[in-house]
Amino acid sequence: MTLPKNFISILSKVLTIIVLAACAVFAVWGYRAGIFKSLDALQTFIAGTGLWGPLIFMLIQALQVIIPMLPGFVTCIAGAAVFGPIAGFFYSYIGVCIGSIAAFCLARKYGVSIVRRFISEAKYEKYITWLEKGRKFDIIFILAIFLPTAPDDVLCFIAGLTKMSLKKLTVIILLGKPFVIALYSAGTAGATQLLNI
């Protein structure tokens, strides 16, 4: 039995659809269950997942980049509060990096149509104009990734519509994300210590 020439391509598309569907189901279930309604609700849910906690938290961090459910800083704070600043930092870092790269790959593979499904029309119209900056986009993107308030989820989708390589995007994310996540983790640790005084 011989496999069709485009078997890998078909398998890749099928797996992508399955993963996206699973993510969507989890996001809808989490929303209806009230997991994403507040920081306390998210912390309670994660704390109650036991040994699966780190994996589920990393999934949530990856998902919040692709499907915005809570602001990124909220999930980072939740991770630091539940797992401690160091473990919370690493779990957040891994999850956010996976989500950022996934958003880029989705936009690269499926184009504008998928981008418009995952980000609001207002944000799309606001940031799509960045593409007109040509090569300056890369510099602006790098600077934005290092800023705590930057809409990096949107920018990763937009970057997927440019000629930026996956390798370059990955390097930028891997180097840029630790700084912001560390700020949130350290801030949470500091606030916790103050409250315990």
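## How helix packing is described here

Axes are lines fitted to C-alpha atoms, for helices over the stretch in contact, and the angles between N-to-C directions run from 0 to 180 degrees. Two packed helices are described by the angle between their axes and by the distance between those axes.

This is a predicted model, in which local features need pLDDT of at least 70 and side-chain atom pairs count only at pLDDT 80 or more, while totals for chains, interfaces and linings use all residues. Residues are numbered from 1 along each chain as its sequence is written, and side-chain values use heavy atoms, with hydrogens and water left out.

## The chain as a whole

Let's start with the overall picture. The chain has ten helices and zero strands, where helices (H or I, at least four residues) and strands (E, at least two) are DSSP runs numbered from the N terminus.

Of the 197 residues in the chain, 43% are buried; buried means under 20% relative accessible area, exposed means over 50%, and partly exposed lies in between (1.4 Å probe, protein chains only). Among the chain's contacts with a separation of 6 or more, 73% join residues 24 or more positions apart. Contact here means heavy atoms within 4.5 Å.

## Helices α2 and α3

Now for a pair of packed helices. Helix α2 (residues 39–47) packs with helix α3 (residues 53–66) at an angle of about 140 degrees, and their axes are 9 Å apart. The two are therefore oblique to each other: angles under 35 degrees count as roughly parallel, over 145 as roughly antiparallel, 65 to 115 as roughly perpendicular and the rest as oblique.

On the α2 side, Leu42, Phe45 and Ile46 take part, and they meet Gly53, Ile56, Phe57 and Ile60 in α3. By class, this contact has six nonpolar residues, one polar and no charged ones. In this scheme Ala, Val, Leu, Ile, Met, Phe, Trp, Tyr, Cys and Pro count as nonpolar, Asp, Glu, Lys and Arg as charged, and the others, Gly among them, as polar.

## Gln61 in α3

Helix α3 also holds Gln61. Is this glutamine buried or exposed? Gln61 counts as buried because its relative accessibility is 0%.

The side chain of Gln61 makes polar contacts with the side chain of Thr75 (2.5 Å) and with that of Ser92 (3.0 Å). A polar contact is a pair of N or O atoms within 3.5 Å; within protein, one must be able to donate a hydrogen and the other to accept it, and residues adjacent in sequence count only if both atoms are side-chain atoms. Leaving aside neighbours within four places in sequence, Gln61 is in contact with Thr75, Cys76, Ser92, Gly95 and Val96.

## Helices α5 and α9, and two residues to look up

Helix α5 (residues 85–110) and helix α9 (residues 152–159) have axes that come within 7 Å and cross at roughly 35 degrees. Ser100, Ala103, Phe104, Leu106, Ala107 and Arg108 in α5 meet Cys156, Phe157 and Ala159 in α9. These residues divide into seven nonpolar, one polar and one charged.

Ile114 lies in helix α6 (residues 112–118) and is buried, with a relative accessible area of 12%. Not counting residues up to four places away in sequence, Ile114 touches Leu106 and Ala107. Thr162, in the loop between α9 and α10 (166–196), counts as buried at 18% relative accessibility. A polar atom of the Thr162 side chain lies 2.6 Å from the backbone oxygen of Ala159.
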